[in-house]
Amino acid sequence: ELKKLVYMYLVQHADGNRDLALLSINSFQKDLSDRNPVVRASALRAMASIRVLEIIQLVVLAVRKASTDNSPYVRKTAAHCITKVYAIDPDQFLPLREILLRLLSDIEVCVVGTAMVAFSEMCLISPPEPTEDATQANSESHEASQSPQTANLALLHCHYRRLCGCLLQMEPWAQAVTIDVLVRYCRTFFTDPREDQLRLKMLSECGPEGDARTASSTKLSVPPPSPDLKQFIATLTLLLKAQYVTVVVSAASALFYLAPLDEVRKMVRPLIRALKTAADDLTDPVLAVLKPLIEAIPHLFRPHIRDFFVLVSDSPRVKMMKLDILDTLCDVTNVQLVLRELQVYVLWPDNPAFMSAAMRSITSIALRVESVTDSCLRGLIRMLNSQNPALAAEAVVSVRTL
């Protein structure tokens with residue numbers, strides 16, 4: 001127990017005392033062969049925390065050895081340390097990627113999940129820039145036309161099906177990252193089924209006056225999506241019932257970008273549930289994800305418009321995003337409900353910026369829905385006599401706009 005505390009101290013203070021930490025390298029290497037897997041993992045973590053290029057080869061060898069350790073905890077720690085080593089010396093990308101691909105084939109799901117997080121960080125988010133020599137050598141090959149991210153995603157071909165199977169058993173933070181990686185993979189190597197549906201719809205709308213080629217094309221049916229893509233979509237559908245908000249939002253976003261049009265509606269209720277159950281610090285990022293989805297498919301979210309009403313306890317940023325969402329979802333069917341809600345918002349004196357935004361939303365709705373233009377104009381004229389100067393000034397601008 002004392003040794004574990006010492007290693008925890010070294011990990012925390014290794015950056016500030018590099019010279020002193022270097023004196024412990026021999027002890028670290030000796031503990032890499034300890035019987036206790038916790039000690040082995042702690043020694044590896046401490047070695048990777050020393051940001052000194054002179055020992056980077058020793059650290060890479062230690063990570064390679066730990067990746068074949070009998071303990072899954074040590075192998076998981078090796079995956080964690082890969083990103084640390086890569087941050088110190090990006091030139092070690094190829095040997096580190098080789099170790100990562102081996103860890104992706106691990107029998108333990110916890111190791112695979114950690115390896116996917118490292119793969120995302122190292123191979124997709126910040127891959128190394130190709131050198132001039134490598135660019136000249138591959139100038140005439142097919143790989144030269146591929147981006148580094150595409151070339152790295154191609155390495156997941158032999159791991160894709162197993163990753164889809166392991167996704168349900170991973171830890172929540174690993175599930176979110178793995179979903180992001182697999183979405184990139186599917187959008188790169190699979191055909192979007194919605195493009196075929198839209199193409200068939202366009203062909204079916206061609207009248208009998210079209211040529212023979214168009215007429216024969218309308219008889220074609222939409223090709224079924226790839227079985228591998230269907231496997232991933234089925235896994236995402238199950239993850240919509242997950243307990244964690246991050247996993248639900250990630251799965252719903254993935255379905256929006258990958259699933260056929262008739263499957264996308266399955267994500268609406270889980271997203272509303274995630275918004276209701278999200279902690280205060282998560283409401284902002286959840287709405288940030290929801291907003292582009294609502295702008296793309298507002299008709300699916302209109303039945304749930306009441307869930308986007310602004311609360312007094314909401315943060316200023318959340319209030320503004322909910323106001324934008326209400327403006328997007330407003331149409332002829334719910335315009336009276338939205339206007340009654342906005343009339344309450346303009347009377348909140350504690351947030352002048354939000355009050356002005358609510359006034360602009362009323363003006364935007366009045367311009368978009370002709371049936372309420374006159375009633376909105378009469379209400380804005382009454383606000384010209386308001387004792388609140390900010391409200392009166394905004395009412396003047398709105399009346400001039402209408």
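Student: Is Phe 256 buried or exposed?

Tutor: Buried means under 20% relative accessible area. In this predicted model, Phe 256 has 13% relative accessibility, so Phe 256 counts as buried. Tyr 257 has a relative accessible area of 35%, so Tyr 257 is partly exposed.

Student: How are the rings of Phe 256 and Tyr 257 arranged?

Tutor: Look at the angle between the ring planes; over 60 degrees counts as edge-to-face. Here the planes of Phe 256 and Tyr 257 stand at 75°, with the ring centres 5.0 Å apart, so this pair is edge-to-face.

Student: How many aromatic pairs are there?

Tutor: The count is seven aromatic pairs. One of them, Tyr 160 with Tyr 185, is stacked, with 20° between the planes and 5.0 Å from centre to centre. This pair links distant parts of the chain, 25 residues apart: Tyr 160 belongs to helix H11 and Tyr 185 to helix H12.

Student: Are Tyr 160 and Tyr 185 buried or exposed?

Tutor: Tyr 160 is buried at 3% relative accessibility, and Tyr 185 is buried at 5%. Ring pairs also join Tyr 160 and Tyr 185 with Phe 189 and Phe 190 in a cluster.

Student: What does Ser 253 contact?

Tutor: Start with its place: Ser 253 sits in helix H16, residues 245-258. Setting aside neighbours within four places in sequence, Ser 253 contacts Val 289 and Leu 293. Its relative accessible area is 15%, so Ser 253 is buried.

Student: Which residues form a nonpolar patch on the surface?

Tutor: Leu 2, Leu 5, Val 6 and Met 8 do, with about 430 Å² of accessible area together. Met 8, in helix H1, is exposed at 54% relative accessibility.

Conventions
Residues are numbered from 1 along each chain as its sequence is written. This is a predicted model: local features need pLDDT of at least 70, side-chain atom pairs count only at pLDDT 80 or more; totals for chains, interfaces and linings use all residues. Side-chain values use heavy atoms; hydrogens and water are left out. Helices (H or I, at least four residues) and strands (E, at least two) are DSSP runs, numbered from the N terminus. Buried means under 20% relative accessible area, exposed over 50%, partly exposed in between (1.4 Å probe, protein chains only). Contact means heavy atoms within 4.5 Å. Patches are made of residues with over 30% relative accessible area and no salt bridge: like charges are joined within 9 Å, nonpolar side chains (Val, Leu, Ile, Met, Phe, Trp, Tyr) within 5 Å. Accessible areas come from the Shrake-Rupley method with a 1.4 Å probe; for residues, only the protein chains shown count as cover. A salt bridge is a side-chain nitrogen of Lys or Arg within 4 Å of a carboxyl oxygen of Asp or Glu. Rings of Phe, Tyr and Trp (its six-membered ring) pair if their centres lie within 6.5 Å; planes under 30 degrees apart count as stacked, over 60 as edge-to-face and the rest as tilted.
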